[in-house]
Structures are given as C-alpha cells and as structure tokens.
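Hi everyone, thanks for coming. Let me put the model up, and then I'll walk you through a few places in it.

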Amino acid sequence: GNVSCKPTLYGLCISKNLFRDSLFELVQAARQHNIEIEIDAESYEYIPDTFEVFADFASDSIWRNSVRQAVQAHLVNIENLMDKYGLWDKKIRIVKGSGVYDEKDSVIMTDKSIVRERYLEILKRNLQNGGRPYVATVRDKKLANDAIAIADSMGVSVVLQTLHGPL
C-alpha cells in the first residue's frame, strides 16, 4: 500500500530541513511495514524544495523504493524542474494539476490539450528512463487510454489511479 504525504503538513511551510527530518521519520516507519510514501505536489512555491527532498530520498538505495513524487503536468517549467532534480528515472505519480491552489498564470498552463501532451511526454520520458509511473486522472478516459497505449507500445505496464469513480 501507500500513504500520501502533504509536504506542508510535515513542516515544509516552516523549513525544508524540518520537512526532510519529518519525512525521514515517516519513510523509516513506513518502510518497516512495506508501505510506500507518496509525496504530494502542493502549490508552486513549495515544489522546488519538495522535489529536492524527494530526489535526495529517491537517489539513496535504502529509500528509493519507499518514496514516490507527484508531478503536475500543468506547471510551465515542470520539465526543467524534473531535469534539475533528476526525476526522470524516479518513481513518480503523474497528474494534470488540480487547480486547487491559486497560482499565477505565469506558473501554470491552462490549455487542456497542451497539459495532456505534456502529461504524456512526462510518461514517455519516465518510462524511457526506467521509471514505472503511476498514471493518475479524474474521469479522463481518453488520457487513461492514451497512457495505457503508450505503455503497451513500450512493452511495459503502468499503475492507473482514478479518483471520483470509474472512467
């Protein structure tokens, strides 16, 4: 199973080090029970620190199979952030981006077709680099089918996560 972790709930809104220390305690306890910790992607102001802390855990052979990071395809610079923190081969959960957080237009893309294209590109690049991403969507059957088709064409499988009922 897995447990979702909100970085700000675990101290990121106070300091990156507090988040890192709190996450260490959580991951250490979860690992003893074979539970994966999935780190949510919150508002943009917290994304760089969240990715940095995740990358530290995911790059360590002891912890790499115990953590997964949510990445939001609607972020304008998501690919640059994934490059900077070396996330292409890590365990990720791809989401379009919920729109829950009040973000500046300069931070997110609102064109749904572009967001979908970027989502699928993130999927492809993660798979090409040996990742096994979770594909998350809220009732977007076309996106789910496209993601499954991409994985099938590469001879791999993905975990499909849906929210709010069936596709």
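Let's begin at Asp49, which sits in helix α2; helices here are DSSP runs of H or I with at least four residues, strands are runs of E with at least two, and both are numbered from the N terminus. Before going further, a word on the source: this is a predicted model, where local features need pLDDT of at least 70, side-chain atom pairs count only at pLDDT 80 or more, and totals for chains, interfaces and linings use all residues. Residues are numbered from 1 along each chain as its sequence is written, and side-chain values use heavy atoms, with hydrogens and water left out.

Back to Asp49. Its relative accessible area is 28%, so Asp49 is partly exposed; buried means under 20%, exposed over 50%, and partly exposed in between, with a 1.4 Å probe and protein chains only. Setting aside neighbours within four places in sequence, Asp49 is in contact with Leu12 and Lys16, contact being heavy atoms within 4.5 Å.

Now to charges. How many salt bridges does a search of the whole structure find? The search gives 14, counting a side-chain nitrogen of Lys or Arg within 4 Å of a carboxyl oxygen of Asp or Glu. One of them joins Arg118 and Glu79, at 3.5 Å from N to O. That pair links distant parts of the chain, with Arg118 in helix α4 and Glu79 in helix α3, 39 residues apart. Arg118 is buried at 11% relative accessibility, while Glu79 is partly exposed at 24%.

Arg125 forms a salt bridge with Asp83, with the closest N and O atoms 3.3 Å apart. Arg125 lies in α4 and Asp83 in α3, so this pair ties together parts 42 residues apart in sequence.

Then look at Asp140 and Lys96, whose salt bridge has its closest N and O atoms 2.7 Å apart. Here the link runs between two loops: Asp140 is in the one between β5 and α5, Lys96 in the one between β4 and α4, 44 residues apart. Salt bridges that share partners also join Lys16, Arg20, Asp49, Glu52 and Asp56 into one network.

Where is Glu42? You'll find Glu42 in the loop between β2 (36-39) and α2 (47-58). Glu42 is buried yet has no salt bridge, and the nearest side chain of opposite charge, Lys6, is 4.8 Å away. For this, Lys and Arg count as positive and Asp and Glu as negative, with His and the chain ends not counted. A polar atom of the Glu42 side chain does lie 2.8 Å from the backbone nitrogen of Thr8.

On to helix α4, residues 112-128. Its 17 residues should span 24 Å at 1.5 Å a residue, and the end C-alpha atoms are 24 Å apart, which agrees; the expected span is 1.5 Å times one less than the number of residues. Among its buried residues are Val115, Tyr119, Leu123 and Leu127. The cover over the buried residues of α4 includes β3, α3, β4, β5 and α5.

Strand β4 is covered on both faces: Ile92 and Ile94 on one side, Arg93 and Val95 on the other, are all buried.

Last, some backbone angles. Most residues other than glycine have a negative phi. Asn34 has a positive phi of about 60°, and Arg139 has one of about 55°. Asn34 is exposed at 69% relative accessibility, and Arg139 is exposed at 52%.

How values were computed:
A polar contact is a pair of N or O atoms within 3.5 Å; within protein, one must be able to donate a hydrogen and the other to accept it, and residues adjacent in sequence count only if both atoms are side-chain atoms.
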